[in-house]
Structures are given as C-alpha cells and as structure tokens.
Amino acid sequence: VQVAESGGGWVQPGESLGLSCRAFGSLFSVHKMQWYRQAPGKERAFVASITESGDRVYADSVRGRFTVSRDNAKNTIFLEMNMLKPEDTAVYYCTAEILDWELNRKDHWGKGTQVTVSP
C-alpha cells in the first residue's frame, strides 16, 4: 500500500495552488484521509481531513481559504488552497486510514510535497 502526494510548487502570496493525494496498492478500503503540514523548524500540524462520507474538518488557520474534497472511486483527495500566505509555506503530507485484505486498519503516510509561498 502506498500514499502519494502531488501538486506542490512555488506561488506568490494571494495566489492559489492545488494538491492531490492518492492511496493505491493492495488495499480493501480507504477511510479518513487527512492533510498535515510541517514548516521549517516546526512540528507537523493538522490541516484538514475528510471521511469517505464527506465529513470535513479544518484547522483554524486554513478555514475559509482551503477546501478538501474527495473522489472515493479513485481513493484520492484534493486540497484546493486559495489566498495563500507566506506562513502556508511547508511540506504538505497526506495520510490515509486503510483497511487491508486481512481487515487490519492502519494509517499510511505519503512522502510529502513542498509548497512555497513567497514574493
């Protein structure tokens, strides 16, 4: 089982950027998927989550600017980031709660994708 993020890059303040994350491999089902981020010198922090039924939770720092969505058929989630600020600069990680064919539930993490917001 693997989880892979894509879509990072460099943007200027106020611009938008989209990320995606896909879970794939030998899995039975994918449940809650989440975005975290880690800025230089800081601990990894929660950004947003979405369940398979579409329930969403956001960190206060991104609510109203970021939108998380999901394509269950593709085991993929998206993070639309608008009105980006320099303080959004971080490595963004995706995690997926996955049930394998032996019905073991485990969180799998991606390797992260860099988002840089600067003039």
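Which residues is Gln 34 in contact with, leaving aside its neighbours within four places in sequence? I looked this up at the outset and found Phe 46, Ala 48, Ser 49, Ile 77, Tyr 93, Cys 94 and Thr 95, where contact means heavy atoms within 4.5 Å.

**Basis of the entries**

I note that this is a predicted model, in which local features need pLDDT of at least 70, side-chain atom pairs count only at pLDDT 80 or more, and totals for chains, interfaces and linings use all residues. Residues are numbered from 1 along each chain as its sequence is written, and side-chain values use heavy atoms, with hydrogens and water left out.

**Gln 34, continued**

I placed Gln 34 in strand 4, residues 29–38. Strands are DSSP runs of E with at least two residues, helices are runs of H or I with at least four, and both are numbered from the N terminus. Gln 34 has 17% relative accessibility and therefore counts as buried. The classes I use are buried for under 20% relative accessible area, exposed for over 50%, and partly exposed in between, with a 1.4 Å probe and protein chains only.

**Overall fold**

I counted zero helices and eleven strands in the protein. Its radius of gyration is 14 Å, close to the 14 Å that the globule rule gives for 119 residues, so the protein is as compact as a globular protein of that length. The radius is taken over C-alpha atoms, and the rule is 2.2 Å times the number of residues to the power 0.38. The C-alpha trace spans about 50 × 25 × 20 Å along its principal axes. Buried residues make up 42% of the 119 residues. Among contacts between residues at least 6 apart in sequence, 53% join residues at least 24 apart.

**Surface and charge**

I recorded an accessible surface of about 6500 Å², with 49% of it belonging to carbon and sulfur atoms; the areas come from the Shrake-Rupley method with a 1.4 Å probe. The mean positions of the 14 positive and 14 negative charges are 2 Å apart. Lys and Arg count as positive and Asp and Glu as negative, while His and the chain ends are not counted. Each charge is placed at NZ of Lys, CZ of Arg, CG of Asp or CD of Glu.

**Disulfide**

I searched the whole structure and found one disulfide, defined as a pair of cysteine sulfur atoms within 2.5 Å. The bond joins Cys 21 to Cys 94, with an S to S distance of 2.0 Å. Cys 21 lies in strand 3 (residues 17–24) and Cys 94 in strand 9 (residues 90–99), so the pair ties together parts that are 73 residues apart in sequence. The torsion about the S-S bond is about -75°, so the disulfide is left-handed. Both cysteines are buried.

I found Met 83 in the loop between strand 8 (76–81) and strand 9. Its phi is near 50°, a positive value in a residue other than glycine, and at 47% relative accessibility Met 83 counts as partly exposed.

In the loop between strand 9 and strand 10 (105–109) I found Leu 103. Phi of Leu 103 is near 65°, also a positive value in a residue other than glycine, and at 56% relative accessibility Leu 103 counts as exposed.

Asp 100 lies in the loop between strand 9 and strand 10 and is partly exposed at 24% relative accessibility. I noted 4.9 Å between the C-alpha atoms of Asp 100 and Phe 28, which are 72 residues apart along the chain.
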